[in-house]
Amino acid sequence: MSPLRWGAWLLLLAGPATSSASPADEGGGARGGGRGDGERGARDEPPRQHHDSSYGTFASEFYDLRYLSEEGYPFPTAPPVDPFAKIRVDDCGKTKGCFRYGKPGCNAETCDYFLSYRRIGADVEFELSADTDGWVAVGFSSDKKMGGDDVMACVHDDNGRVRIQHFYNVGQWAKEIQRNPARDEEGVFENNRVTCRFKRPVNVPRDETIVDLHLSWYYLFAWGPAIQGSITRHDIDSPPVSERVVSIYKYEDIFMPSAAYQTFSSPFCLLLIVALTFYLLMGTP
């Protein structure tokens with residue numbers, strides 16, 4: 001290779017000249033001093049970083065950008081989200097209405113049956129919980145009897161999920177209805193209890209199987225076992241019913257003693273206990 005071509009090649013490697021030399025100087029450098037100028041340019045140029053295009057380097061750089069702060073420390077991770085917020089009972093009678101069935105003083109986790117309701121905009125939010133591994137439900141009835149009732153049920157299936165289903169009582173038989181007014185559904189099966197929360201609109205188009213909740217209805221409370229995700233007969237022969245019609249615009253905290261506690265809570269039994277106690281204290285004449 002001729003000295004002229006060799007000098008030109010080195011100049012290309014060194015990049016454009018930073019000095020403002022005249023054309024005559026450029027020509028002389030190309031003819032006589034091209035090699036030396038090229039070497040000086042190569043020495044002045046900062047060393048180039050060789051980028052490793054391997055997957056490991058890419059993953060490392062991605063981790064640094066995605067998970068490290070400017071100081072080089074990992075970003076804090078968010079705490080795990082509770083999949084189901086526990087039912088609050090201290091709001092009963094204040095910001096929501098509640099029905100409790102079971103032992104006196106029980107709550108949403110210890111009652112045989114628990115229900116709460118509250119208005120949220122154009123919806124009513126219901127919370128249900130019962131001591132069962134099958135299903136828990138509430139029915140809206142024009143009387144206190146089963147038949148012709150709009151029913152919302154939370155059903156625990158074989159996969160461990162709790163699904164919200166809509167039924168209509170035809171006599172003593174609950175028929176599932178495909179049109180389901182429930183939304184924002186969530187449910188859980190824990191500690192041998194089925195618990196759920198859902199919303200349904202206050203007003204609905206005219207439908208025989210779905211009632212308007214802005215009207216007052218008797219509430220039917222029921223729970224029982226399920227077979228392969230299908231509800232079966234309720235646990236007790238005479239499930240509890242609200243004493244009077246329920247209005248979603250009035251919040252009360254109503255307790256209903258279960259059968260095991262009804263005997264001792266009736267006025268007649270209380271009077272009998274007082275009489276026996278007085279007899280034992282006074283003794284026979």
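The briefing below goes from the whole protein to a sheet, then to a pocket and a single residue.

This is a predicted model, in which local features need pLDDT of at least 70 and side-chain atom pairs count only at pLDDT 80 or more, while totals for chains, interfaces and linings use all residues. Residues are numbered from 1 along each chain as its sequence is written, and side-chain values use heavy atoms, with hydrogens and water left out.

**Overall make-up**
- The protein has six helices and 13 strands, where helices (H or I, at least four residues) and strands (E, at least two) are DSSP runs numbered from the N terminus.
- Of the 285 residues in the protein, 34% are buried, that is, under 20% relative accessible area with a 1.4 Å probe and protein chains only.
- Among contacts (heavy atoms within 4.5 Å) with a separation of 6 or more, 55% come from residues 24 or more positions apart.

**The sheet**
- An open sheet is formed by five strands in the order S7-S6-S5-S4-S10, with antiparallel pairing; two strands pair if DSSP finds at least two bridges between them.
- Strand S7 (173-176) and strand S10 (218-224) are the edge strands, each pairing on one side only.
- Six bridges join strand S4 (residues 135-141) and strand S5 (residues 150-156) in the antiparallel sense, and Ala137 has Ala153 in S5 as its bridge partner.

**The second largest pocket**
- The second largest pocket is lined by 23 residues, of which Met146, Asn169, Ala222, His234 and Pro239 lie nearest its centre.
- A pocket here is an open set of points on a 1 Å grid over the protein atoms alone, where a 1.4 Å probe fits, with protein on both sides within 12 Å along at least five of seven lines, and lining residues have an atom within 4 Å of a point.
- S4, S7 and S10 each supply at least two residues of this lining, and S4 gives the largest share, with four residues.
- By class, the lining has 14 nonpolar, five polar and four charged residues, with Ala, Val, Leu, Ile, Met, Phe, Trp, Tyr, Cys and Pro counted as nonpolar, Asp, Glu, Lys and Arg as charged, and the others, Gly among them, as polar.

**Leu220**
- Leu220 is found in strand S10 and is buried, with a relative accessible area of 12%.
- Leaving aside neighbours within four places in sequence, Leu220 is in contact with several residues, including Ala137, Val138, Met146, Pro240 and Val241.
- Leu220 and Lys144 are 76 residues apart in sequence, and 7.3 Å apart in space, C-alpha to C-alpha.

Methods:
Buried < 20%, exposed > 50% of the residue type's maximum accessible area, 1.4 Å probe, protein only.
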